[in-house]
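Me: I am new to this structure and would like a close look at a single part of it. Please take me through that part slowly, and then show me what lies around it.

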Amino acid sequence: MITALSLVLAETSDPDVQRSLIDDAGPIAGLFVLLLGIAIFILWRSMSKQLRKIDPTLPSDRDAREQALDRELADEAVARGKADDADDAAGT
């Protein structure tokens with residue numbers, strides 16, 4: 001194991017070998033970067049479409065949802081109270 005590692009290190013310590021490894025990897029690395037760019041673009045478009053579907057009037061977090069529900073229930077209670085008051089006034 002150690003001898004194999006020392007052979008690999010000895011091979012890559014030569015600047016000509018390193019340069020040839022880098023030159024050979026150029027087209028493959030370029031293709032990889034291009035594919036990553038295309039994938040990011042497709043994911044970005046998909047996420048943009050999904051974000052446009054979100055209703056902007058929705059509460060943003062749990063506390064806001066609870067407050068919105070409380071406001072809705074309070075508004076309903078006020079409306080029922082006014083209706084009861086109107087019924088009582090009409091009945092007397």
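How many aromatic pairs does the count come to?

Reply: The count comes to 1 aromatic pair, where rings of Phe, Tyr and Trp (its six-membered ring) pair if their centres lie within 6.5 Å. That pair is formed by Phe 41 and Trp 44, with 6.1 Å from centre to centre and 40° between the planes; it is tilted, since planes under 30 degrees apart count as stacked, over 60 as edge-to-face and the rest as tilted.

Before going further, please keep in mind that this is a predicted model, in which local features need pLDDT of at least 70 and side-chain atom pairs count only at pLDDT 80 or more, while totals for chains, interfaces and linings use all residues. Residues are numbered from 1 along each chain as its sequence is written, and side-chain values use heavy atoms, with hydrogens and water left out.

Both partners lie in helix α2, 3 residues apart, which is about one turn of the helix; helices (H or I, at least four residues) and strands (E, at least two) are DSSP runs, numbered from the N terminus. Phe 41 counts as partly exposed because its relative accessibility is 44%, whereas Trp 44 is exposed because its relative accessible area is 55%. In these terms buried means under 20% relative accessible area, exposed over 50%, and partly exposed in between (1.4 Å probe, protein chains only).

Phe 41 and Trp 44 also belong to a nonpolar surface patch of about 740 Å², which they make together with Leu 31, Leu 34, Leu 35, Ile 38 and Ile 42.

As for the setting, the protein has 3 helices and 0 strands, and 0% of its 92 residues count as buried.

Conventions
Patches are made of residues with over 30% relative accessible area and no salt bridge: like charges are joined within 9 Å, nonpolar side chains (Val, Leu, Ile, Met, Phe, Trp, Tyr) within 5 Å. Accessible areas come from the Shrake-Rupley method with a 1.4 Å probe; for residues, only the protein chains shown count as cover. A salt bridge is a side-chain nitrogen of Lys or Arg within 4 Å of a carboxyl oxygen of Asp or Glu.
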